[in-house]
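Please keep the sequence and the structure in view while reading.

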Amino acid sequence: MRFEIRDFIVHERLRRLEQLERGLAGLRDLHDPDVLLGSVCRAVVESCGFDRVMLSRVEGTMWRPWKSYAVHRQDAELRFRDWMAQIPEIPLDRLLLESDMVRRGEAAIVENAATDPRVSPVLRAASGHRSYVAAPLMPEGRVVGFLHADYRALAVTPLDRDVLAAFARVFDGLFERAVLVRRLQEQRDQVRAALQAVATSLDDLANAEIGLARHDRPTALGAGQRRMKRTADLGRLESLLTKRELEVLALVATGATNDRIAERLVISSDTVKSHMKHILRKLHVDNRAEAISQYLRLTLEGGEG
């Protein structure tokens with residue numbers, strides 16, 4: 001009998017893992033982080049066999065319920081979704097189970113939510129959990145959210161915990177890949193915009209050269225006036241922008257991303273974004289490409305002898 005029980009457990013584990021692998025096949029074709037997050041709850045239900053799944057976010061020391069998907073959409077589930085939409089955040093120090101998952105980075109099981117002291121009373125009352133499993137989402141090794149899963153009438157088992165943990169590990173890799181693809185696309189677009197701005201500036205310079213060539217002989221007075229104008233343009237740029245904003249704009253003109261600029265100048269990405277907003281406003285332009293074009297036009301012209 002012990003052999004048969006062990007054999008059943010092994011085969012059940014293999015069956016669940018095969019089901020998990022089939023369910024993950026659809027997620028592997030998704031390359032947008034937002035689409036992945038929007039699909040994850042349903043994918044857990046379909047690939048892991050649970051009746052309900054909740055996705056939540058971790059932002060600093062706060063926990064925020066976010067999305068859910070359930071096989072049975074009854075009044076209790078609708079009330080649960082209303083609760084998620086209304087609750088702004090819960091301090092993690094009030095969620096013993098979740099804060100422990102953040103610290104340990106491991107999945108957890110709650111076999112009796114009514115008596116387990118780790119369970120948040122707020123979450124228990126809103127969700128109606130009898131027993132459930134939870135796993136942290138850790139792309140790049142940092143906990144950014146949780147998956148909570150349960151059954152409508154059945155109690156969860158350690159196998160459920162292990163299956164959900166396996167799903168979370170695979171999803172972490174898929175999400176990292178999607179974020180990397182998005183960053184590469186953004187950098188490609190920024191490089192294209194920078195190159196287009198350079199091409200526009202070079203065209204302007206070429207047209208200026210042609211315009212000058214049409215005159216028989218530029219006078220010394222005319223050359224001096226042009227130099228004075230370039231100096232005035234550069235001086236106006238330096239008077240409009242702070243020293244730090246000029247540094248940021250110079251790096252932007254090379255095609256550097258906000259993260260790369262932040263690393264180079266030893267500041268945060270949010271500070272870079274703030275500088276860019278000020279730069280766009282002061283130069284009276286709408287986007288980075290126009291700012292780069294204006295900067296390159298002034299600096300390239302100003303660099304002529």
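In this report a residue counts as buried under 20% relative accessible area, as exposed over 50% and as partly exposed in between, with a 1.4 Å probe and protein chains only. This is a predicted model, in which local features need pLDDT of at least 70 and side-chain atom pairs count only at pLDDT 80 or more, while totals for chains, interfaces and linings use all residues. Residues are numbered from 1 along each chain as its sequence is written, and side-chain values use heavy atoms, with hydrogens and water left out.

## Overall make-up

The secondary structure of the protein comprises eleven helices and six strands, where helices (H or I, at least four residues) and strands (E, at least two) are DSSP runs numbered from the N terminus. Of its 305 residues, 40% count as buried. Contact here means heavy atoms within 4.5 Å; among contacts between residues at least 6 apart in sequence, 63% join residues at least 24 apart.

Arginine 52 is found in strand β1, which covers residues 52-59, and with a relative accessibility of 12% arginine 52 counts as buried. Its side chain takes part in a polar contact of 2.8 Å with the side chain of aspartate 150, and the side chain of arginine 52 also reaches the backbone oxygen of serine 127 at 2.9 Å. A polar contact is a pair of N or O atoms within 3.5 Å; within protein, one must be able to donate a hydrogen and the other to accept it, and residues adjacent in sequence count only if both atoms are side-chain atoms. Leaving aside residues up to four places away in sequence, the residues that arginine 52 touches include Tyr69, Glu77, Phe80, His129 and His148.

Valine 143 lies in the loop between β5 (132-137) and β6 (145-150) and is buried, with a relative accessible area of 10%. Although valine 143 and arginine 57 are 86 residues apart along the chain, their C-alpha atoms are separated by 8.9 Å. Not counting residues up to four places away in sequence, valine 143 touches Val58, Met101, Val102, Pro136, Leu137 and Met138.

Glutamine 294 belongs to helix α11 (residues 288-302), and its 13% relative accessibility places glutamine 294 among the buried residues. Beyond residues up to four places away in sequence, glutamine 294 touches Arg236, Leu283 and Val285.

## Two loop residues with positive phi

Most residues other than glycine have a negative phi. Glutamate 140, although it is not a glycine, has a positive phi of about 60°; this residue is found in the loop between β5 and β6 and is exposed, with a relative accessible area of 60%. Valine 266, likewise not a glycine, has a positive phi of about 60° and is found in the loop between α9 and α10 (269-283). At 73% relative accessibility, valine 266 counts as exposed.

Axes are lines fitted to C-alpha atoms, for helices over the stretch in contact, and angles run from 0 to 180 degrees between N-to-C directions. Angles under 35 degrees count as roughly parallel, over 145 as roughly antiparallel, 65 to 115 as roughly perpendicular and the rest as oblique.

| Helix pair | Angle between axes | Axis separation |
|---|---|---|
| α8 and α9 | roughly 130° | within 10 Å |
| α8 and α10 | about 95° | 10 Å |
| α9 and α10 | about 105° | 8 Å |

Which relative orientation do α8 and α10 have? They are roughly perpendicular to each other, and in their contact Arg244, Glu245, Val248, Leu249 and Val252 of α8 meet Val272, His275, Met276, His278, Ile279, Lys282 and Leu283 of α10. By class, this contact of α8 with α10 has seven nonpolar, two polar and three charged residues, where Ala, Val, Leu, Ile, Met, Phe, Trp, Tyr, Cys and Pro count as nonpolar, Asp, Glu, Lys and Arg as charged, and the others, Gly among them, as polar.

Helices α9 and α10 are also roughly perpendicular to each other. Here Asn258, Asp259, Ile261 and Ala262 of α9 meet Ser269, Val272 and Lys273 of α10, and the residues of this contact divide into three nonpolar, two polar and two charged.

For α8 (residues 243-252) and α9 (residues 258-265), the axes cross at roughly 130°, which makes α8 oblique to α9. Arg244, Glu247, Val248, Leu251 and Val252 of α8 meet Ile261, Arg264 and Leu265 of α9, and by class the contact of α8 with α9 has five nonpolar, no polar and three charged residues.
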